[in-house]
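Please open the model in your viewer and keep the selection panel at hand. The stops below go from one selection to the next.

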Amino acid sequence: MVFSSLRHWPFAAGLAARGLVVGCLIAGGAALALTGRPTLGVIAWVLALAVMIALVRAARRAERAMRELVDQLASGADDRPEPLSPAFADLDAAIARAIGTMRARETRQGAQADADTALLDTVPAALFVIDSDGGVVRSNRAARALAPAMPARFADHPAFVRDAAAALLASGPDGGHMLRLADGRAAHVSVTLFDLADGTRRRLIAVQRVSEGLGAVETDAWHRLSHVLAHEMMNSLSPVVSLAESLVTLADDPAADPDRSETAAAAATIARRAQHLMGFVERYRELLTIPQPEPAPVELAPFMEELARLARRFDQRVDVRATTEPPQGAATIDRELIEQALLNLLKNAIEAARDHVRPAVAFRCHSDGDGLSFTVDDNGKGLPLNADDIFLPFYTTKSEGAGIGLAIARQIAIAHGGSLTAQRMTEGSRFLLHVPTPRL
Amino acid sequence: MESLCRILLIEDDAAVVQAIRLALRGVAEVEAFADPAALPTSLSLESFDAALLDMNFRPDQRDGSAGLDTIDRLRSIDPALAIVMLTVFGGVAIAVEALKRGASDFLLKPWRNDRLVEAVRTATALTTRQRAGAAMSLEAIERHAIVRALARAEGNISRAAAALGLTRPALYRRIEKHGL
C-alpha cells in the first residue's frame, strides 16, 4: 500500500508543493502587511495568486488529458493514445495494459465470429435470420446460393413461392415440414424464434432441399433393394420357366414319359417354387406393416433374462449371457416390438456363433441419459465384406434364411426413433440397437 | 438319331438341375454336382462334351468368384472343354470376367429351353473342334521344332538330336514320320 501510494508521488507531490507554497506566501504576505511592510505583503500575495493559477492549470491539464483519452477509447480509434506527461507514468502504463487487454478480447471475439460464420457456411441447410420487420439480418452461404442476389426482405426472396414465404414469416416455432420451392423442388423447412439480449425478436428459418440429402440416400436404398429383389425373384423363377416349357413339350409327346414320373416331378417343383415366391411376397408385406410403437414401462433385468431364455432354445450349445446395467433399470419401450427385434438379433448371433468350438453370445443392455443401448456380440466368423447389405430385405447369407430378420429389426429401431448398426469385432461381430427413451 | 452328348453341370439349386435335365432330354446326358468342392480330385473331363457352370454355390456367395475359380480349375484340367456360365440378370460384369477367363458362352437365368439346347450344342461342337485342333497342333509343334533344330545344326543329325534331347534313331524315325 505504501509502495503503491508512493508510485503516484510525482503529480500529487507537485500539487501538494504548490499548495504549500500558496499557503506560505498568503501567510507570509499577511505577516509582512501586519508588520508594516504592505508592499512586500502585496508582492507575496501576487506570487501566491500566480502559484495558485499554475496549480489550477496543472489540474486542468491532467483533466483534459484524461478526457481526451476517454474520448479516444469511446470513438474506437485503433492507434494508441498519446502518452501522458512523465508525471503520469504509472497511470500511462496502467492505461496501456487496459488497452492491450481490450484489444486481445476484441481479437478473440473477432476470431470467434469468423469461426461461427465459417461454421454456418458449412451447414448444407440454407439459414436466414429475420428481424421483426421481415428484413434479412443474416444468412449463410447455402442461403445466398438459393438466389442470385439476397433481397432485403425475406418476403421478396425469389426461391420461395410468395404465399409460402408469408406463411414462414407469420408462423410460430415449427419443428419442420415439407414445402415446394418456386422451382418446383421439394424442401424441408423449420422455423425457430429467439430473443436477443436487448429484447428484440429474431426468426431463424432453415431450408434444406430434399433431393440433395435424403433423396440420394433413399434412392440408393431403393436401388439396392430392387437389385436384391430382382436377383432373388429371377433365381426362384428360372427353373419354373424352364420346367413349364418342358411340360408343354411332354404334353405333346406322351410316349416320352410313359409313367408320367418326370411330369409329376416337374409339376411338384413348379408348385414348390410358386409357394416359395408367395412366401416371399408375404414376408415383404410383413416388413411394410410394422405397427406404430406403443411404449409402456418395462423392467429391464427380467425382460433381458426372458429374452436370453427364449434365445437359448434356438441352440442349446450356444452360451447366451444376459447383463443389465444398471440392474434395477426400467424404460418405456414397446415391449413386443423391441422383443421381436432383439430375438432376430439373438437368432442371427447364435447362428453365426454356432460353428465356433465354444460358441458364445453376449447380450447386454445399458441405459443412460440418452436412452437404451442393447448390444448382441457373437464369436462367429464376422460380417461379410459389404456389411451394410445385411440390413437389406431378402439379403441372406444362409441357405434357410428368409433374409428379413435384420431388416425388420432395423425398421423397429427406426420406428422408435433409434438405430441399428453392425460392426466387426476382433472376434465375431456386434449389433447395436439404440432406442432413445426417458428413464423412469 | 444323333448320339447323346455328356454335360458336366455344377449347380447348387436342385430345382435348376431338374429343369436342365428335363430340358436337355434327348439332347444330352447330364452329370450334376452341387458344389465344385464335391468334384473328385482326380477329375477326368475327357468323357464330357461341355460344362454348364453356375456362378455361386452357397447363399453367402454373391460375387461369382466361386464360379470364376471353378472356370480356372476346369481349364487347367482340360483347356479344350467348352464352358457355359449360368448367370443371373444383372451379372454382366461377372459374365465378361468369365469370358475373359476362358468360358465360351453364358446363359441368362431364367433361360428359354431352345436357347439352352442351342448353347449346349454350340459348346459341344466347340469342344470337339478344340480337341481335334489341340491334337493337330501338337504334331505341328513337333515338326516345327525338328525343322528348326536341323537348320541350327546345319543338317548335322547328331547335333540336332542332342539339341532336341533325342537319340539319333529316334530323330530319324520322326523325320520320316513328318516326311522331312
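What follows is a short tour of the two chains.

This is a predicted model, in which local features need pLDDT of at least 70 and side-chain atom pairs count only at pLDDT 80 or more, while totals for chains, interfaces and linings use all residues. Residues are numbered from 1 along each chain as its sequence is written, and chains are lettered from A and ligands numbered from 1 in the order in which they are written.

Begin with chain A, which has 11 helices and 12 strands (DSSP runs, H or I of at least four residues for helices and E of at least two for strands, numbered from the N terminus). Of the 440 residues in chain A, 21% are buried, a residue being buried if 20 or more other C-beta atoms, placed from the backbone, lie within 10 Å of its own.

Next, select the open sheet of five strands in chain B, whose order is β2-β1-β3-β4-β5 with parallel pairing; two strands pair if DSSP finds at least two bridges between them. Strands β2 (28-33) and β5 (105-109) of chain B stand at the edges with a single partner strand each, so one side of each is left without a neighbour in the sheet.

Within this sheet, β1 (residues 5-10) and β3 (residues 50-54) of chain B pair in the parallel sense over four bridges, and Leu9(B) has Leu52(B) in β3(B) as its bridge partner.

Finally, select helix α3 (residues 92-100) of chain B, which lies across β4 and β5 of chain B and runs at about 170° to β4(B).

Note on methods:
Contact = placed C-beta atoms within 7 Å. Axes fitted to C-alpha atoms, helices over the stretch in contact; angles between N-to-C directions. Buried ≥ 20, exposed ≤ 12 C-beta atoms within 10 Å, placed from the backbone.
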